[in-house]
Amino acid sequence: MKLPEFVKRIGTAEGECRVYIEDYVYTYLNELREKKKIFPLRAALFGHVLKKEGKCIYFVYGAASVIDEMENGRDEEQVRREFFHDYDLIGYVNICKDKQLIPDKNKGYYIFYETNEAMQNYLVSCYKRENCQAQDRAEALKSHRKRHRYSMSNCNLKLKGEMLRRFFYGVGILLLATAVTAINDYERMHGFTETACRAVSFAETTHP
């Protein structure tokens with residue numbers, strides 16, 4: 001395996017170990033750092049390891065967020081078989097928010113540029129998954145709002161029904177009170193009439 005022709009060095013890449021990371025992989029890891037809120041993030045790295053002249057050289061052709069794949073029911077080996085079957089699982093990297101993307105004792109690495117169909121396919125898969133998840137969240141929100149509107153509509157109907165019930169109840173009480181008052185007045189009037197009649201009768205008998 002020969003070294004890539006087109007490379008860009010990040011930091012001081014010297015020493016017994018060297019890391020070459022393909023540009024699509026580097027972009028993906030940077031996106032993880034920018035999008036996620038919980039750190040550190042652990043990513044699996046796929047590629048080849050070459051030992052040459054006492055040096056260990058890592059060629060990284062693929063990467064996958066461990067927690068994202070676990071949430072979708074896949075482990076690193078399943079991801080490797082599906083997308084990176086031509087490569088090995090060569091290690092992991094912990095991504096921190098404000099630290100170097102690829103930590104290394106030599107504080108440096110190389111970015112290289114090649115046709116990387118495997119990582120491209122994996123990125124397309126990730127974007128499709130994110131879109132589906134966004135659509136699912138939108139549908140769930142839409143359904144929640146629909147249920148909320150239906151619940152509010154039912155509450156309004158119940159409230160209106162309760163108000164009408166109380167209104168008619170109040171009208172019934174008012175009518176009942178009016179009727180009782182009328183009955184009481186009638187009874188008092190009837191009693192007054194009987195008393196008056198008895199008084200007149202008494203007067204007629206005592207004064208011939």
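Author: A residue is buried when its relative accessible area is under 20%, exposed when over 50%, and partly exposed in between (1.4 Å probe, protein chains only). Glu69 is buried, and so is Arg129. This is a predicted model, where local features need pLDDT of at least 70, side-chain atom pairs count only at pLDDT 80 or more, and totals for chains, interfaces and linings use all residues. Residues are numbered from 1 along each chain as its sequence is written, and side-chain values use heavy atoms, with hydrogens and water left out.

Reader: Let's start with charges. What is a salt bridge?

Author: Side chains of opposite charge can pair when their charged atoms come close. The cut-off here is a side-chain nitrogen of Lys or Arg within 4 Å of a carboxyl oxygen of Asp or Glu. A search of the whole structure finds six salt bridges.

Reader: Which residue forms a salt bridge with Arg129?

Author: Glu69 does, with the closest N and O atoms 3.4 Å apart. Glu69 lies in helix H2 (residues 66-71) and Arg129 in helix H4 (residues 117-206), so the pair ties together parts that are 60 residues apart in sequence. Helices (H or I, at least four residues) and strands (E, at least two) are DSSP runs, numbered from the N terminus.

Reader: Where does Arg74 come in?

Author: Arg74 meets Glu69 in a salt bridge, at 2.9 Å from N to O. Arg74 also forms a salt bridge with Glu82, where the closest N and O atoms are 2.6 Å apart.

Reader: Is Glu82 buried or partly exposed?

Author: Glu82 is partly exposed, at 46% relative accessibility. Arg74 is buried at 17%. Glu69 is buried too, at 2%.

Reader: Now the rings. How is an aromatic pair described?

Author: By the distance of the centres and the angle of the planes. Rings of Phe, Tyr and Trp (its six-membered ring) pair if their centres lie within 6.5 Å; planes under 30 degrees apart count as stacked, over 60 as edge-to-face and the rest as tilted. A search of the whole structure finds 10 aromatic pairs. In one of them, the rings of Tyr20 and Tyr110 have centres 4.8 Å apart and planes at 10°, so the pair is stacked. Tyr20 is in strand E2 and Tyr110 in strand E6 (residues 108-112), 90 residues apart. Tyr20 and Tyr110 are both buried.

Reader: What about Phe84 and Tyr122?

Author: Their ring centres are 5.7 Å apart and their planes at 50°, so the pair is tilted. Phe84 lies in the loop between helix H3 (76-83) and strand E5 (88-95), and Tyr122 in helix H4, so the pair ties together parts that are 38 residues apart in sequence. Both residues are buried. Ring pairs link Tyr28, Phe46, Phe83, Phe84 and Tyr122 into a cluster.

Reader: On to the strands. Which strands join E4?

Author: Two strands pair if DSSP finds at least two bridges between them. Five bridges join E2 (residues 17-22) to E4, and these strands run parallel. Val19 has Tyr58 in E4 as its bridge partner. Another 10 bridges join E3 (residues 41-52) to E4, here antiparallel. Leu50 stands opposite Ile57 in E4.

Reader: How many residues of E4 are buried?

Author: Nine of the 11 residues of E4 (residues 55-65) are buried, so this strand is largely enclosed by the rest of the structure.
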